[in-house]
Amino acid sequence: MSDTEFDVVIAAYLIPDLAQEDFDRLVKLVADKHLEVEGVALVAEDAEGNTTVKETGDHLGRKGLEIGGGLGLVVGLFSPPLLASMVIGGAVGGLAGKFAKHKVESGLEEKLGAALPPGSAGIIAIYDRAKGETVDATLASAVRKSVAQIDGGGAKQLKAALAEAQAGMGGG
Amino acid sequence: MSDEPDRTKLPIQRPPFSGVANQTLDGSRPGWEQIGHVEPPEGSPNVLVVLIDDAGFGNPSTFGGPIDTPHYDRMAEEGLRYNRFHVTAMCSPTRASLLTGRNHHAVGMGGIPEFSGGFPGYSAMLPRDAAPFPKVLKENGYSTAAIGKWHLTPEGEQGPAGPFDHWPNGWGFDYYWGFLAPEAGQFDTMVAENQKFIGVQEGKDGKPFYFPEAMTDQAIDWLHGVRGHKSQKPWMLYYSTGCSHAPHHVWKEWSEKYKGRFDQGWDKLREETFERQKKLGVVPADAELTPRDALMPAWDSLDENSKRVFARQMEVYAGYSENADHHVGRLLNAIEEMGELQDTLVVWIWGDNGASLEGTPTGTFNEGTMVNGLPLTDEEQMQLTLKWGGLEAWGTEMMYPHYSTAWAWAGNTPFQWGKQVGSHLGGTRNPLVVRFPRDVKGAGGLRSQFTHVSDVGPTILDIVGIPQPRSVDGVDQQPMTGVTFADSLTDANAPEAHTQQYFENFGNRAMYKDGWWLSMRMPRIPWRLDPELLKKFAPGVWKPDEDPVELYYLPDDFSQANDLSEDHPEKVKELQDLFWEEAEKYKVKPLLAGFSPFFGILPPLGAQTVTTYYGDVQNVAPGAVPRVYNHSYTITADLHIPDGGAEGVIVADASHLGGFSLFVQDGKLKHTYAFLGVFEYRQESKESLPTGDVNVQMVFRADEAAPATPGDVTLLVNGEPVGSGRMDHTVPFGFSGYAGLDVGRDNGLVVDRSYAEKAPFVFTGTVKKVVFDVAPHLDDGDERALHEQASQAHTVRGMDA
């Protein structure tokens with residue numbers, strides 16, 4: 001079992017293509033082996049308020065977490081209708097993850113939908129805590145970021161961390 | 001003897017009875033002049049005065065700006081552009097000068113109606129010896145109307161108890177429809193009609209209400225009504241838009257037209273505008289573009305996120321402005337359809353004080369944050385923009401947006417500074433177009449005589465052929481100090497008639513004479529106003545003549561680019577002295593009288609600390625709402641809850657961007673306090689309200705009597721505490737510049753979005769009485785301190801108008 005500790009970040013953007021740029025930079029860091037992520041997704045809120053997952057690069061790390069399957073950790077947090085327009089990142093490695101074997105009823109899509117107004121975008125990423133500064137610097141155009149630690153490897157811990165990160169997106 | 005009546009004494013005397021009145025009709029002969037009305041001079045034209053709000057010389061395409069204004073273009077092509085026309089750098093002062101033909105201080109409007117000061121030049125009380133020219137027209141046989149923004153009625157008089165002398169009807173308008181406030185949300189405007197607030201109106205034909213459209217409909221309806229009633233009677237219409245003042249509210253299709261058109265940024269935009277201005281000829285070929293002040297960032301220094309956000313701010317402003325042009329166009333088309341455009345003198349001024357710098361360098365999602373002295377960083381502004389709907393919502397009712405200071409500066413191309421800064425042309429020179437086919441020679445031409453907003457009234461009277469009255473209602477009149485420029489309509493080379501003019505707004509001063517302009521700018525940033533910053537201008541500290549000066553010779557220096565003060569110290573001294581002479585003559589002294597609350601000079605302390613609303617009182621104007629700021633207060637209501645319960649609003653003030661609401665929802669008593677859209681504080685009762693007669697109370701116990709004090713909220717039902725909470729921040733100056741207080745409902749934008757779907761969320765029980773007590777637990781010292789803060793607050797709220 002990997003000893004890597006993970007954080008989850010939810011980042012909100014006023015301008016979708018700047019979110020895309022940050023997302024691409026994040027993926028490139030992983031591809032260049034400067035960063036290990038357990039999952040990352042780019043989410044967009046269209047002008048009518050519909051939430052879609054635009055791209056994902058789940059489990060891009062070299063080491064990865066030892067368990068998981070399906071579409072991967074972050075994508076797995078969303079329900080199928082949201083994935084209709086999703087593009088799987090080219091750098092996707094093994095679609096496995098420490099948490100993803102558990103069914104996580106995260107409520108993430110609803111919370112993200114509430115936090116992201118129409119015409120905006122968001123990034124959610126689960127990454128090696130040791131690289132927190134790198135991730136923070138990479139998500140440079142986000143106007144709001146909320147980070148929570150995942151204390152352990154189970155669905156319960158992930159859910160708690162997501163709840164904490166989501167709560168951090170509220171307010172002014 | 002001439003049949004022409006004596007028009008110098010108003011009202012015009014009714015002619016003596018020409019008939020015979022015997023004991024009975026036997027042998028009696030009527031004198032029909034007894035039922036006649038005053039006739040204007042033969043051939044009197046209609047008069048349309050259009051005033052756009054908070055815009056700059058370099059905004060409309062007609063003057064080289066980036067905003068498409070086809071109807072303004074048309075009027076200029078069929079009329080004349082005036083490129084040396086001047087205003088006062090502030091809203092109410094310009095309007096007072098426009099309508100009276102006199103200097104603003106001379107008619108009590110050195111400041112703003114939110115603060116009636118104790119000096120003649122700053123009372124905000126139109127004196128009876130300064131009859132406005134619309135009243136003169138009315139007394140000479142015109143039908144008159146004012147539609148749109150007003151902002152000339154003292155705030156304390158804006159209620160059912162009046163008095164009404166200073167409402168639009170009192171200024172000489174037969175009819176008024178619009179808003180009295182300094183500014184208004186364009187989707188939820190609290191409308192006044194004649195002498196009554198009629199509140200937020202419904203849209204037409206199933207469409208949502210939008211003020212620019214509604215005011216135009218009202219104007220057209222009024223014209224149709226007048227013409228239907230009297231086929232020949234001339235009319236005078238003052239059409240004054242809320243646009244382009246904040247909040248910048250416009251339908252998305254208008255802002256979308258400008259998508260990408262401001263991506264080059266404000267520095268480049270100024271250069272582009274300047275080039276177009278030269279091509280059009282509204283700026284001389286030898287003029288220089290003045291540089292950016294260091295208070296505003298270079299566009300190239302911004303990150304991409306900021307650039308995109310800023311660009312969106314200007315896209316909305318541009319769409320909002322073009323929409324105003326569109327609606328003026330609708331009005332002009334209606335006049336044309338009536339067959340009267342050729343007989344109508346059109347005077348169209350684009351901006352009353354230069355473009356507004358008050359959005360702060362970041363621009364703001366809610367102008368109320370600036371008004372309340374709440375500084376927000378770029379990052380915070382973006383987060384709050386995200387919170388209230390993102391960039392898609394910039395321009396909608398969810399925000400109260402104002403663009404960045406630097407966009408205003410770009411809108412004032414080629415000048416320095418802008419609104420509030422009466423010392424420089426950015427705040428004092430605005431576009432003027434005059435169209436009057438009967439007199440104009442050389443349509444499409446340019447006029448460069450020095451003209452001033454006080455000239456408009458005398459010019460209109462001159463063209464119509466009505467003398468300035470010596471006496472009105474038995475009161476001898478101050479002469480109009482504006483000078484007619486009617487000669488310039490026919491003669492491009494007409495001699496300059498207005499050769500000397502002072503400027504003063506909140507301490508920023510200028511003196512113009514025969515081409516020379518002395519700028520005396522206070523070293524104060526226009527978008528910051530708080531007691532600490534004003535200390536250096538306190539009585540005994542500030543020496544006005546020690547302020548830095550700049551001297552310009554405008555015939556050679558259109559844009560004020562070359563300061564000649566060091567080369568001409570004698571001219572500096574001459575103009576400084578002349579300013580003080582003018583200040584004495586026109587009641588400008590004492591300088592900063594409009595800021596007197598900041599220096600401890602306060603109006604008499606009001607005695608009313610308890611306000612009781614019986615029944616269904618609605619649309620209480622902001623200045624009349626109990627002042628719940630900066631201290632403890634209580635709201636108590638007597639209700640009747642029917643069997644089965646009730647829901648709805650007991651009392652609410654303003655909106656989610658600043659306001660409070662006491663309401664019943666899901667059976668529980670709830671209180672929401674919206675801190676300027678930044679924070680929301682909510683408290684609710686643990687249990688459902690009982691039925692029958694119920695007394696409820698919201699008690700706010702402030703930590704101290706101090707600006708923005710935190711404090712604790714307790715909710716009580718029949719005297720028993722049922723809920724509580726803490727408010728870490730409260731609003732120090734004011735929730736809203738325009739939205740009102742309502743009992744039994746929450747009109748317009750609601751305070752708590754949780755009941756937005758049910759708006760106005762009318763209370764389904766009965767609200768018998770609501771009582772505000774704004775002075776519980778105060779000692780005399782606290783009371784005076786709060787009075788001082790309240791007086792300052794009134795000043796601040798009006799400053800951005």
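These are my notebook entries on what I looked up in this structure, a predicted model.

**Ground rules.** I number residues from 1 along each chain as its sequence is written, with chains lettered from A and ligands numbered from 1 in the order in which they are written. For this predicted model I take local features at pLDDT of at least 70 and side-chain atom pairs only at pLDDT 80 or more, while totals for chains, interfaces and linings use all residues, and side-chain values use heavy atoms, with hydrogens and water left out.

**Entry 1, where chain A meets chain B.** I began with contacts (heavy atoms within 4.5 Å) and found that 17 residues of chain A touch 16 residues of chain B. The buried area, meaning the accessible area (1.4 Å probe) that two parts lose on being put together, summed over both, is about 1400 Å² between chain A and chain B, and carbon and sulfur atoms give 65% of it. I then looked for salt bridges, each a side-chain nitrogen of Lys or Arg within 4 Å of a carboxyl oxygen of Asp or Glu, and the count between the two chains is one. R308(B) and D17(A) form that kind of link through their side chains, at 2.6 Å from N to O. On the chain A side, β1 (6-13) and α1 (16-31) each supply at least two of the residues that touch chain B. By class, this side of chain A has ten nonpolar, five polar and two charged residues; here Ala, Val, Leu, Ile, Met, Phe, Trp, Tyr, Cys and Pro count as nonpolar, Asp, Glu, Lys and Arg as charged, and the others, Gly among them, as polar.

Over all chains, a search of the whole structure returns 49 salt bridges. One that I followed up joins E139(B) to K135(B), with the closest N and O atoms 3.9 Å apart. These two residues are separated by about one helical turn, because E139(B) and K135(B) are four residues apart in helix α3 (residues 133-139) of chain B.

I count two strands as paired if DSSP finds at least two bridges between them. The strands of this open sheet are ordered β16-β17-β18-β19 in chain B, with antiparallel pairing. Its edge strands, each pairing on one side only, are β16 (500-505) and β19 (549-553) of chain B, and the twist from one strand to the next averages 10°. Six bridges hold β16(B) in antiparallel pairing with β17 (residues 508-513) of chain B, and Q501(B) has Y512(B) in β17(B) as its bridge partner. Which helix lies across this sheet? I found helix α15 (residues 569-585) of chain B lying across β16, β17, β18 (516-520) and β19, at about 110° to β17(B); axes are lines fitted to C-alpha atoms, for helices over the stretch in contact, and angles run from 0 to 180 degrees between N-to-C directions.

Another open sheet in chain B has the order β1-β14-β15, and its pairing is mixed. Its edges are β1 (9-10) and β15 (475-476) of chain B. β1(B) runs parallel to β14 (residues 471-472) of chain B over two bridges, and K9(B) stands opposite S471(B). I also noted β24 (residues 668-675) and β25 (residues 679-688) of chain B, which run antiparallel and are joined by seven bridges, with K670(B) partnered by E684(B). β24(B) and β25(B) form a hairpin with three residues between them, and L676(B) in the turn has a positive phi of about 60°.

The peptide bond joining T413(B) and P414(B) is cis, with omega about 10°, and P414(B) sits in the loop between α10 (405-411) and α11 (425-428) of chain B. A cis bond also leads from A759(B) to P760(B), with omega near 10°, and P760(B) belongs to the loop between β29 (741-743) and β30 (766-773) of chain B. Finally, D54(B) has a positive phi of about 50° although it is not a glycine, and D54(B) is placed in the loop between β2 (46-52) and α1 (70-77) of chain B.
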